[in-house]
Amino acid sequence: MELDADERSRLSDICHDLRGGAWVVRGFLELLHKNWASYDEAKRRELVRMAFENCERIERAARDLDTWRAPASRRAPDATA
């Protein structure tokens with residue numbers, strides 16, 4: 001399947017969101033792992049919340065990818081049209 005410039009750009013954006021979100025979650029978890037004992041409960045909760053929010057971002061990007069790759073007949077109508 002050959003992709004046109006718009007499709008390549010969209011795929012690149014989705015991949016960027018997936019990679020970026022994964023790196024952020026990894027960073028938060030690494031901070032928690034290395035500094036658990038020195039962080040108070042509030043700091044731990046903040047890092048977990050931030051990781052969770054980035055997991056939601058990854059999930060949205062994965063849904064975007066699934067929607068993007070779906071045949072046109074399966075795609076939901078564009079709400080902006």
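**View 1. Asn 54 is a buried residue of the predicted model.** Asn 54 has a relative accessible area of 13%, so it counts as buried. Buried means under 20% relative accessible area, exposed means over 50%, and partly exposed lies in between (1.4 Å probe, protein chains only). This is a predicted model: local features need pLDDT of at least 70, side-chain atom pairs count only at pLDDT 80 or more, and totals for chains, interfaces and linings use all residues. Residues are numbered from 1 along each chain as its sequence is written, and side-chain values use heavy atoms, with hydrogens and water left out. Asn 54 sits in helix 2, residues 41-69. Helices (H or I, at least four residues) and strands (E, at least two) are DSSP runs, numbered from the N terminus. Which residues does Asn 54 touch, not counting those up to four places away in sequence? They are Gly 21, Val 24, Val 25 and Phe 28. A contact means heavy atoms within 4.5 Å.

**View 2. Asp 64 and Arg 10 form a salt bridge.** Their side chains meet at 3.3 Å, N to O. Asp 64 belongs to helix 2 and Arg 10 to helix 1 (residues 5-35), so the pair ties together parts that are 54 residues apart in sequence. A salt bridge is a side-chain nitrogen of Lys or Arg within 4 Å of a carboxyl oxygen of Asp or Glu. Side chains of opposite charge can pair when their charged atoms come close. Asp 64 is partly exposed at 32% relative accessibility. Arg 10 is partly exposed too, at 33%.

**View 3. Glu 41 pairs with Arg 45 inside helix 2.** The salt bridge spans 3.2 Å, N to O. The two residues are 4 apart, about one turn of the helix.

View 4. Glu 53 is partly exposed, with 37% relative accessibility. Arg 49 is partly exposed as well, with 42%.

View 5. How many salt bridges does the structure hold? The count is 9.
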